[in-house]
Amino acid sequence: MALTLGDLCADADITSKFAQLEYKSASGSVERGRTLFEGLMSMYPKRVDLWDIYLDMEISRLGTLDDKQEAIGQIRQRFERVTSTNLSQKKMKHFFKRYLDFERQYGDESTATHVKDLAKQYIQARLAAEST
């Protein structure tokens, strides 16, 4: 039995739901949810909806943690990954904006400046690629 593209997308959506339950459920495991999302992101690196859900799940945990710094660092790593992915300009703008909003809330001026610099580098690289 061969899988169709629709089956694969449905599988990704179902796996995403299970991962979300791992984050939200009292009997769930954040690590299992994270592992499921990491598998999805390696299979579907351009699925913006999955990246958004993954980031939302990680950010929503911050309110429940005593030591937020490690979690903030992990979220930054995920933002760095998604903003280094080859996505359309519209999608990249979305993630740079989310990353900047995150840094304005949980970071400081230097981390917000870092995001702005990344966005500038992205724009410069994009313009250079278009001019060749």
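Biologist: Where is S16 found?

Modeller: S16 sits in helix 1, residues 5–24. Keep in mind that this is a predicted model.

Biologist: Is S16 buried or exposed?

Modeller: Buried, because its relative accessibility is 3%, and the cut-off for buried is under 20%.

Biologist: And what does S16 touch?

Modeller: F37, L40, L50 and I53, leaving out residues up to four places away in sequence.

Biologist: New topic. How far does helix 4 reach?

Modeller: Helix 4 covers residues 68–83, 16 residues in total. From first C-alpha to last, helix 4 reaches 22 Å, close to the 22 Å expected at 1.5 Å a residue.

Biologist: Which residues of helix 4 are buried?

Modeller: A71, I72, I75, R78, F79, V82 and T83. They span an arc of only 130° around the axis, so they lie on the same side of helix 4.

Biologist: What covers the buried residues of helix 4?

Modeller: The cover includes helix 2 (30–43), helix 3 (48–60), helix 5 and helix 6.

Biologist: And which exposed residues are on the face turned away?

Modeller: Q69, E70 and Q77.

Biologist: Pockets now. What volume has the largest pocket?

Modeller: About 160 Å³.

Biologist: Which residues line the largest pocket?

Modeller: Q89, M92, K93, F96, K97, A119, Y122, I123 and R126. By class, that lining has five nonpolar, one polar and three charged residues.

Biologist: Which helix gives the most to that lining?

Modeller: Helix 5, with five residues. Helix 5 (89–106) and helix 6 (109–131) each supply at least two.

Definitions and conventions. Residues are numbered from 1 along each chain as its sequence is written. This is a predicted model: local features need pLDDT of at least 70, side-chain atom pairs count only at pLDDT 80 or more; totals for chains, interfaces and linings use all residues. Side-chain values use heavy atoms; hydrogens and water are left out. On a 1 Å grid over the protein atoms alone, a cavity is a set of points where a 1.4 Å probe fits but cannot get out, and a pocket is an open set with protein on both sides within 12 Å along at least five of seven lines; lining residues have an atom within 4 Å of a point. Grid points are joined across faces, edges and corners, and a volume is the space filled by probe spheres set on the points. Helices (H or I, at least four residues) and strands (E, at least two) are DSSP runs, numbered from the N terminus. Ala, Val, Leu, Ile, Met, Phe, Trp, Tyr, Cys and Pro count as nonpolar, Asp, Glu, Lys and Arg as charged, and the others, Gly among them, as polar. Buried means under 20% relative accessible area, exposed over 50%, partly exposed in between (1.4 Å probe, protein chains only). Contact means heavy atoms within 4.5 Å. The expected span of a helix is 1.5 Å times one less than its number of residues. The arc is that of the directions from the helix axis to the C-beta atoms.
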